Amino acid sequence: MSSAFDAPGIDEHPDVSDRALQALVPGTLYFNVAGSGPTFPVAHAAAHAFRTWLNGVGMFSHVGYDAYNAALDAARRDVAAFVGDPGGADRIALAVSATDGLNALVAGLRIPAGSLIATTAEEHGSALLPLYRRRDRGDRLRVVRYVDDASFLGSIAAAFADGARALVVSLVSCKTGKVLPVRRAADLARRAGAVTIVDCAQALGQIAVDVHELGADAVVTLGYKWMHGPLGAAAFWVRDLALFDVERLGWRSQTSLDLVGGYALKPQAERFETGTVDAAAFVGLRQALAVHRELGPVVGDRIRALRAGLFARLREMPFDLLSRPEDPTGIVVVAPRGGDAAGIVARMWTDEGIVVKHLQEAEGIPDGIRISFWALHRPEHVDRLADALARQARVPA
């Protein structure tokens, strides 16, 4: 029998119709899922229900604190299963963002001082900035550009031949939507005795992520881009805790603490978690995971179909395609041949009610427009987007 002291749960078999999952204001089109996906209404409702309940019983009451910890334990179990490691909850650490996870792992790399670390020009600043910080403190950094798989893997192999001790690489590029050959790069790292950290922020929810298939030592994920969960819910998986030091500590990191004996860290990846978090956000993440389990391959199938339709339209327009048609992702980046990417992006919203993203890179790379869509979009939405891009590209800069 339920009572006011029973924590709300999630719906294991939610309605996954477009009507039920759509959160956007009617009439607008949102093509910036790579920035953050609108939260599924069912995930928002699950988080809100838990948050309201927890507030009512008091988070640090006996019943509230037990439910708080149970919610986080359940989130670790569900995330582990979703990334291909069922039963691997002890290898999951919860975080508030992919940035949070990348900072913890990059700072904690247990490698000799002055080591060479390899990464790619496809990485988000959330990976590059922690790496630059290590460089500031004495490590060396090599940034490899991606042109094609063969040359990329050759450059990665050269970095390991030169003594690189770690590799930080994205599975899906936030800058182009390309799927990088992570498994083969991780194999090169393993043979060299190096550590691989894989950023799956742009992968989870649109393509399959299996941590064992990737061959990585650590995998960073989040719940609010392609997963469409609440903000503030992310996680990372660690194969071997011995490869990483814990650089940030808090009450949730330890099993014991005293003024004489010092402290002991938790024996599982939870040792990377420091303090109080919004447990309700992780309830919402669990609900988003349940949606994706119900959807199954529908997301990937529809994304590939939409991508093909978009490429067919873009080839008729004055844009250079910076993405490849064969990548199975919902990220497509174009550069307007007449320039004015920022202006086109602004007018796409003010004149057309359509959200796309302006990408501005350094070192002579042309300003781009990132279009990121997912399975709630339909061919007619892509047509409306393409028609609007064509109109705005004709407007003088």
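In the predicted model, Phe50 is buried, with a relative accessible area of 2%. This residue belongs to helix H2, which spans residues 41–57. When neighbours within four places in sequence are left aside, the contacts of Phe50 are Ala7, Pro8, Ala67, Tyr68, Ala71, Ala279, Ala280 and Val283. Three of these partners, Ala279, Ala280 and Val283, fall within the range of helix H9, residues 279–295.

The protein chain as a whole contains 12 helices and 15 strands. Its radius of gyration is 22 Å, close to the 21 Å given by the globule rule for 397 residues, so the chain is as compact as a globular protein of that length. Along the principal axes, the C-alpha atoms occupy a box of roughly 70 × 60 × 35 Å.

Burial applies to 53% of the 397 residues. The protein chain exposes about 16900 Å², of which 55% is supplied by carbon and sulfur atoms.

In soluble globular proteins, nonpolar side chains tend to be buried together. The largest nonpolar core of the present model comprises 102 residues, and within it Leu171 and Trp374 touch the most other members. Helix H9 (residues 279–295) makes the greatest contribution to this core, giving 11 residues. Another core, of 30 residues, lies apart from it and includes Leu102, Ala127, Leu131 and Phe244.

Beyond its neighbours within four places in sequence, Trp374 is in contact with Val33, Phe40, Trp226, His228, Leu295, Val299, Ile303 and Leu306. One of these partners, Leu295, is the residue at which helix H9 (279–295) ends. Another, His228, is located in the loop between strand E7 (218–222) and strand E8 (234–238). His228 counts as buried, at 3% relative accessibility.

The backbone of His228 also calls for comment. Most residues other than glycine have a negative phi. His228 is not a glycine, yet its phi is positive, at about 60°. A positive phi, near 65°, is likewise found at Asp340, again a residue other than glycine. Asp340 is placed in the loop between strand E12 (331–336) and helix H11 (341–350). With a relative accessibility of 28%, Asp340 counts as partly exposed, whereas His228 counts as buried.

A further loop position is Gly193, which is found between helix H7 (182–191) and strand E6 (195–199). Gly193 has a relative accessibility of 45% and counts as partly exposed; the cut-off for exposed is over 50%. Gly193 and Pro328 are 135 residues apart along the chain, and their C-alpha atoms are separated by 31 Å.

Note on methods: Residues are numbered from 1 along each chain as its sequence is written. This is a predicted model: local features need pLDDT of at least 70, side-chain atom pairs count only at pLDDT 80 or more; totals for chains, interfaces and linings use all residues. Side-chain values use heavy atoms; hydrogens and water are left out. Helices (H or I, at least four residues) and strands (E, at least two) are DSSP runs, numbered from the N terminus. The radius of gyration is taken over C-alpha atoms; the globule rule is 2.2 Å times the number of residues to the power 0.38. Buried means under 20% relative accessible area, exposed over 50%, partly exposed in between (1.4 Å probe, protein chains only). Accessible areas come from the Shrake-Rupley method with a 1.4 Å probe; for residues, only the protein chains shown count as cover. A nonpolar core is a set of buried Ala, Val, Leu, Ile, Met, Phe, Trp, Tyr and Cys residues joined through side-chain atoms within 4.5 Å. Contact means heavy atoms within 4.5 Å.
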